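Thanks for passing this one along. Below are my notes, point by point, to read with the model open beside you.

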Amino acid sequence: MEDQSQKKPRILCLHGHGSNAEILKQYVVLRWPETVIQKLDLVFLNGKFSAQGKSDVEGHEWFHANEDFTEYTNFEECVAYIEDYMVKNGPFDGLLGFSQGAILVAAMPGMQTQGVALGKVNKIKFLIVISGAKFGGKKFGMPELASNTFSEPIGCPSLHFIGEMDFAKPEGIALLEAFVDPVVIHHPGGHEVPKLDDNNLETMLSFVETIQRIPSDDLVRT
């Protein structure tokens, strides 16, 4: 039998608006210690759409929102694109998201439970949410596809990074209310993938141990 404590959870990672897969990968690999990275199988995906606006990098976005975040375009295409990638390159055990990617992954377990998305892939077993926010909160409207995503508490294990200087901090705190027993890492930085101090590293490693212990019959391999 496979040693559950040695199993590497496979995680699909979604970057922020205007960024790309390689940038998020570099931030995670450079800022998180090898003791964390070596325990995870991280896969980084580019957003389906080119980000609007000027940028010095090849920027992507998962979906487009109007200026006050009340209306969204391409949202259903975005979710279908991610599901298709997961079907062709999976299975994946969990999701990690930063900023726009974090807003998206936070909504996915609920959409899957409601049967409106991700019906072709394994159940999402955990989330890592970095500088996240909640659809339907004070700042962000609710895409139609995700209209019932938070109608019930999200029960899968979740780890949330909240920066003391992050402009998204209030939204990240509000998001916690949607989850059952969320694990939270507070850090002194802003809207970023943070480095881990000794206390935060201990919390991170404890969460990794938790997701490694998820029974293999729940993490169906194909």
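1. Let's begin with the loop between helix 3 and strand 7, where Pro-91 has its place. In this predicted model, the peptide bond that joins Gly-90 to Pro-91 is cis, with omega at about 10°. This is worth a look on screen, because most peptide bonds are trans.

2. Leu-118, in the loop between helix 4 and strand 8, has a positive phi of about 60° although it is not a glycine. Ser-131, in the loop between strand 8 and strand 9, also isn't a glycine, and its phi is positive too, near 55°. For context, most residues other than glycine have a negative phi. Are these two residues buried or exposed? Leu-118 counts as buried, since its relative accessibility is 1%, and Ser-131 counts as buried at 4%.

3. On one side, strand 1 (residues 10-14) runs parallel to strand 7 (residues 94-98), and 4 bridges join them; here Ile-11 stands opposite Gly-94 of strand 7. Strand 1 also pairs with strand 2 in the parallel sense, over 5 bridges. In that pairing, Phe-44 in strand 2 is the bridge partner of Cys-13.

4. Helix 3 (residues 75-89) packs with helix 4 (residues 100-114) at an angle of about 80°, and their axes are 12 Å apart. That angle makes the two helices roughly perpendicular. From helix 3, Phe-75, Cys-78, Val-79 and Ile-82 meet Leu-104, Met-108 and Met-111 of helix 4. By class, this contact has 7 nonpolar residues, with no polar and no charged ones.

5. How many disulfides are there? The count comes to 0 disulfides. For Cys-78, the closest cysteine sulfur is that of Cys-13, and at 15 Å it is too far for a bond. Cys-156 is in no disulfide either: its nearest cysteine sulfur, again that of Cys-13, is 15 Å away. If you are thinking about these cysteines, note that Cys-78 is buried, with a relative accessible area of 0%, and that Cys-156 counts as buried at 11% relative accessibility.

6. Back to helix 5, and to one residue in it, Leu-175. At 0% relative accessibility, Leu-175 counts as buried. Which residues does Leu-175 touch, leaving aside its neighbours within four places in sequence? Its contacts are Ala-106, Val-129, Gly-132, Ala-133, Lys-134, Phe-150 and His-160. With Lys-134 the separation along the chain is 41 residues, but their C-alpha atoms are 5.2 Å apart.

7. Finally, please have a look at Asn-200, which is found in helix 6 (residues 198-212). Asn-200 counts as buried, with a relative accessibility of 9%. Apart from neighbours within four places in sequence, Asn-200 is in contact with Ile-185, His-186 and His-187.

Definitions and conventions. Residues numbered from 1 in each chain as written. Predicted model: local features only at pLDDT ≥ 70, side-chain atom pairs only at ≥ 80, totals over all residues. Heavy atoms only, no water. Axes fitted to C-alpha atoms, helices over the stretch in contact; angles between N-to-C directions. Parallel < 35°, antiparallel > 145°, perpendicular 65-115°, else oblique. Contact = heavy atoms within 4.5 Å. Nonpolar A, V, L, I, M, F, W, Y, C, P; charged D, E, K, R; others polar. Pairing = 2+ DSSP bridges. Disulfide = S-S within 2.5 Å. Buried < 20%, exposed > 50% of the residue type's maximum accessible area, 1.4 Å probe, protein only.
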